[in-house]
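Here is a short briefing on one protein model. Look at the sequence and the structure first, then work through the points by topic.

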Amino acid sequence: MDSVAAATPTTRPVALVTGVGRTAGIGAGVAERLAASGWDIAFTFWTPYDRRMAWGEEPGATEGIGASLERLGAAVAAVEADLADPETPAKVFDAAERLGPVTALVMCHCESVDSGLLDTTVESFDRHFAVNARATWLLAREYGRRFTGAHGTGRLVALTSDHTAGNLPYGASKGALDRIVLAAARELAHLGVTANVINPGPVDTGWMSGGLREKLSRQTPLGRLGTPRDTAHLVDFLCSPQGQWVNGQLLMSNGGLA
């Protein structure tokens, strides 16, 4: 883990957003929406993951995202973090807290490699659970241990998926993520922290083929795919004072996908 940028702390509340490695990603959209709403932003990224995926590394993405957040008035801390390492979550919080205590934890990180029941390797299965499930638990645990905000102000949000067939380790590990976050809604109740899961539906961040884009667009009533901005608006609401009464929910923000 390597902290690559940090700005002078301010009095704005701090949101820690994981999985902000590419400008087209949901994580970047969430970070920008929260920054525009008055949050300072600590975010994580992991370039080796992007390098081995079809979309590849996006040179300058971290710096560009950080600059965009700063233009929106946010103090920023960018942290390169391998969330497959169980020691990483505590180090991430150490880096984030240079901006101030973390009020909102938004988990957009993932390991996602397509494979099914018969061809998934043990190594890939274990990596999916380490990143998508174990790291979610360790980040939520670290958040709960460190949270010192006023009762009712804390927010924990994570992104999930209901895809399983042909994407077994991803779907199974995301199912585990759901249970971890929903448990947090009860177990962190004494802190006044809300915890919710969002299924963002079909959002093309560079991984869809042209045929898949067309197919999924036809399956939504609006005839379009989701965008990072769609998810970001819901995260923004959940993290706002107005979103306090929504708690312990798995929210389907998928455009009515049939």
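Ala96 sits in helix H4, which covers residues 88-96. This is a predicted model. At 0% relative accessibility, Ala96 counts as buried, because the cut-off for buried is under 20%.

**Around Ala96**
- Ala96 touches Val14, Leu16, Ala42 and Val102, leaving out residues up to four places away in sequence.
- Val76 and Ala96 are 20 residues apart in sequence.
- In space, the C-alpha atoms of Ala96 and Val76 are 8.8 Å apart.

**Around Lys174**
- Lys174 belongs to helix H6, residues 168-187.
- Lys174 has a relative accessibility of 2%, so it counts as buried.
- Beyond its neighbours within four places in sequence, Lys174 is in contact with His109, Cys110, Leu159, Thr160 and Ser161.
- Asp162 and Lys174 are twelve residues apart in sequence. Their C-alpha atoms are 7.7 Å apart in space.

**Around Asn254**
- Asn254 lies in the segment after strand E8, which runs over 250-252.
- Is Asn254 buried or exposed? With 16% relative accessibility, Asn254 counts as buried, because the limit is under 20%.
- Asn254 is in contact with Asn199, Pro200, Gly201, Pro202 and Thr220, its neighbours within four places in sequence set aside.

**Helix H5**
- Helix H5 takes in residues 122-146, which is 25 residues.
- At 1.5 Å a residue, H5 should span 36 Å. Its end C-alpha atoms are 34 Å apart, so the two values agree.
- Where does H5 bend by about 35 degrees? The bend is at Ala130.

**The second largest pocket**
- The second largest pocket has a volume of about 200 Å³.
- Which helix gives the most to its lining? Helix H1 does, with five residues.
- Helix H1 (26-36) and helix H8 (228-239) each supply at least two residues of this lining.
- By type, the lining of the second largest pocket divides into five nonpolar, four polar and three charged residues.

Definitions and conventions
Residues numbered from 1 in each chain as written. Predicted model: local features only at pLDDT ≥ 70, side-chain atom pairs only at ≥ 80, totals over all residues. Heavy atoms only, no water. 1 Å grid on protein atoms, 1.4 Å probe; cavity = no way out; pocket = protein on both sides within 12 Å on 5 of 7 lines; lining within 4 Å. Points joined across faces, edges and corners; volume = space filled by probe spheres on them. Helix = DSSP H or I, 4+ residues; strand = E, 2+ residues; numbered from the N terminus. Nonpolar A, V, L, I, M, F, W, Y, C, P; charged D, E, K, R; others polar. Buried < 20%, exposed > 50% of the residue type's maximum accessible area, 1.4 Å probe, protein only. Contact = heavy atoms within 4.5 Å. Expected span 1.5 Å × (residues − 1). Bend = angle between axes of the 7 residues up to and from the residue.
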